[in-house]
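Trainee: I am new to this structure. Please take me through one part of it closely.

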Amino acid sequence: MDISRETDQDTTENVIAIVLSFMENAVNDAGTYVEHSGRKIVSKKDINMALKAETFEYIHREDIEGSLLYYKEAIRNDFNDFNDDDDNDDDDDNSPTSINSINNINNKDDSIETFLQSKVVNDSEMDEYTLSMCKCNVCKRLNKAVAIWPDWKPETDMEHVLKRVIDTKL
Ligand SMILES: [Zn+2]
């Protein structure tokens, strides 16, 4: 393995680890929010709120480094499994390694998708959406994030990406 390929893989691992730990935080908060609002099922709107709140919260979280190390270890194991099956696939471009490896992780992680599908339904299938009036930190943070989101101006590259994805894909 040459150095550029190793660096490329490390960058990819870092990005996937950040996305996974970001999602884990948001899904946990969405679950708390739903529970505290007296509902039983997490809707797309709850996930959307939680992702907005996580955009503001993520860099302030204390447990981030541990979480990233945990996911990087898991991802590295997946990469190694994958590379064992696929040694002599050298293209002139650096990127296919990363893309194939991401797909490989996605295929292996059907359980996450199944979990989300079992927890998330369309808003039209819900009884009635209610905001949580609870005063705990999670509920206050999600309600506040939704309120300030429309006027928020992203600054870093990561913030721009998050805003675009949350506004257009969710
Ligand atoms: Zn609450």
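Mentor: Start with one term. Two residues are in contact if their C-beta atoms, placed from the backbone, lie within 7 Å. Keep that cut-off in mind. The model is predicted. Our part is helix α2, residues 44-57, together with the two helices it meets here.

First, the setting. The protein chain has 7 helices and 2 strands. Along the sequence they run α-β-α-α-α-α-β-α-α. The chain holds 170 residues, and 19% of them are buried. Take the contacts with a separation of 6 or more: 82% of them join residues 24 or more positions apart.

Now the meeting of α2 with α6. Met49, Ala50, Lys52, Ala53, Phe56 and Glu57 take part from α2. Arg141, Leu142, Ala145 and Val146 take part from α6. By class, this contact has 7 nonpolar, no polar and 3 charged residues.

How do the two helices lie? Two packed helices are described by the angle between their axes and the distance between the axes. The axes of α2 and α6 come within 8 Å. They cross at roughly 90 degrees. Angles of 65 to 115 degrees count as roughly perpendicular. So α2 and α6 are roughly perpendicular to each other.

Look at α6 itself. Helix α6 covers residues 137-148, which is 12 residues. At 1.5 Å a residue, α6 should span 16 Å. The C-alpha atoms at its ends are 16 Å apart, so the two values agree. Its buried residues are Val138, Cys139, Leu142 and Ala145. These cover an arc of only 130 degrees around the axis, so they sit on the same side of α6. An α-helix has 3.6 residues a turn, so residues three or four places apart point the same way. On the other side of α6, Asn137, Ala147 and Ile148 are exposed. Two of the buried residues, Leu142 and Ala145, are also among those that meet α2.

Go back to α2 and pick out Ala50, which lies in this helix. Ala50 has 28 other C-beta atoms within 10 Å. The cut-off for buried is 20 or more, so Ala50 is buried. Set aside its neighbours within four places in sequence. Ala50 is then in contact with Ala26, Asp29, Ala30, Tyr33 and Leu142. Leu142 belongs to the α6 side of the helix contact.

Next comes α7, residues 157-169. Its axis and that of α2 come within 11 Å and cross at roughly 170 degrees. That makes α2 roughly antiparallel to α7. Asn48, Leu51, Lys52 and Thr55 in α2 meet Glu159, Leu162 and Ile166 in α7. The residues of this contact divide into 3 nonpolar, 2 polar and 2 charged.

Leu51 counts as buried because it has 22 C-beta neighbours inside 10 Å. Leave out neighbours within four places in sequence, and Leu51 is in contact with Ala26, Ile166 and Leu170. Leu51 and Asn25 are 26 residues apart along the chain, and their C-alpha atoms are separated by 8.7 Å.

Note on methods: Residues numbered from 1 in each chain as written. Predicted model: local features only at pLDDT ≥ 70, side-chain atom pairs only at ≥ 80, totals over all residues. Helix = DSSP H or I, 4+ residues; strand = E, 2+ residues; numbered from the N terminus. Expected span 1.5 Å × (residues − 1). Buried ≥ 20, exposed ≤ 12 C-beta atoms within 10 Å, placed from the backbone. Arc of directions from axis to C-beta. Axes fitted to C-alpha atoms, helices over the stretch in contact; angles between N-to-C directions. Parallel < 35°, antiparallel > 145°, perpendicular 65-115°, else oblique. Nonpolar A, V, L, I, M, F, W, Y, C, P; charged D, E, K, R; others polar.
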